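Hi,

Here is the structure I promised to send over. Have a look at it first, and then read on for what turned up.

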Amino acid sequence: MYRLLVASAGLLAALSMPAFAADPTVDVPMTAPGFDWTGYYAGLQAGYGWGQSDISGTEGEPFSVSPDIDGGFVGGHVAGLWQFDQAVIGAEADLNYSAVDGATEAGAGNNFGTDIKWFGSVNAKAGYAMDRVLVYGIGGIAFAGVETSQASGSAFSQTRTNVGWTVGAGVDYALTDKFVVGAQYRYYDFGSEHYDGSADFVGRDQDTKLNTVGINLSYKF
């Protein structure tokens, strides 16, 4: 009888070991995947800009004035992003309608103005993803339609397309798997452009710089 009990206990123990060993693999929970930033995006942005333009005469009696500029803007953007672990790289292009302008008086009845009618950029973008939060830096080639003007009895104005550079930083948050909101700061240097004079006004160079803060809403395809 004793030998039978020992043998039965040994057999039960041997049969129970595979089931016990299998239990941990059955009960281990799967890790939920995070948000994947890889994809193509399109959206809208709006914000406020401020800066300064330096205007200097290149003919006749020299002059130099620096109107402060500010105002709002609204536009659209497209982007493509690729995620590798927590690193995110990609490209983004944007174009904005602008109401950024300003003027200064160089003397009685002699007013100089600058008006950024539109601006945009083509950029490289790189950031660090923390699930649905993306912190990034951005920079590239910038361009703008910039008008210079002067009113002194008669009036003068010309618009040129300026090309320069931009750099900035921002943070995006994925509200859902399709919609992303964010905020961004940018600095633009549109470079110096020459404006020809007229019968009543001398030629001039104008160097325009701009800071912007804005919010954006994007759709992920």
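First, a term: a salt bridge here is a side-chain nitrogen of Lys or Arg within 4 Å of a carboxyl oxygen of Asp or Glu. Asp-207 and Lys-209 make one of these, with their closest N and O atoms 3.2 Å apart. Before I go further, please note that this is a predicted model, so local features need pLDDT of at least 70 and side-chain atom pairs count only at pLDDT 80 or more, while totals for chains, interfaces and linings use all residues. Residues are numbered from 1 along each chain as its sequence is written, and side-chain values use heavy atoms, with hydrogens and water left out.

On accessibility, I call a residue buried under 20% relative accessible area, exposed over 50% and partly exposed in between (1.4 Å probe, protein chains only). Asp-207 is partly exposed at 21%, and Lys-209 is partly exposed too, at 26%.

Glu-92 pairs with Lys-125, the closest N and O atoms being 3.2 Å apart. That pair links distant parts of the chain, with Glu-92 in strand β4 and Lys-125 in strand β5, 33 residues apart. Strands are DSSP runs of E with at least two residues, numbered from the N terminus. Lys-125 also meets Asp-172 in a salt bridge, at 3.6 Å from N to O. Here the two ends are 47 residues apart, Asp-172 being in strand β7 (residues 154-174) and Lys-125 in strand β5.

Next, the cavity. The definition: on a 1 Å grid over the protein atoms alone, it is a set of points where a 1.4 Å probe fits but cannot get out, and lining residues have an atom within 4 Å of a point. Grid points are joined across faces, edges and corners, and the volume is the space filled by probe spheres set on the points. The count comes to one cavity of 30 Å³ or more, and the largest cavity has a volume of about 300 Å³. Of the 24 residues that line it, the closest to its centre are Gln-45, His-77, Glu-92, Gln-184 and Asn-216. Strand β9 gives the most to the lining, with six residues. The lining divides into 11 nonpolar, eight polar and five charged residues, where Ala, Val, Leu, Ile, Met, Phe, Trp, Tyr, Cys and Pro count as nonpolar, Asp, Glu, Lys and Arg as charged, and the others, Gly among them, as polar.

Thr-212 is in strand β9 (residues 204-220) and is buried at 3%. Its contacts (heavy atoms within 4.5 Å) include Tyr-48, Trp-50, Phe-73, Phe-119 and Gln-184, not counting residues up to four places away in sequence.

Most residues other than glycine have a negative phi. Asp-85 has a positive phi of about 55°; this residue is in the loop between β3 (68-84) and β4 (87-107), and is exposed at 74%. Asp-131 has a positive phi of about 60°, is found in the loop between β5 (110-130) and β6 (133-152), and is partly exposed at 45%.

Cheers

How values were computed
Helix = DSSP H or I, 4+ residues; strand = E, 2+ residues; numbered from the N terminus. 1 Å grid on protein atoms, 1.4 Å probe; cavity = no way out; pocket = protein on both sides within 12 Å on 5 of 7 lines; lining within 4 Å.
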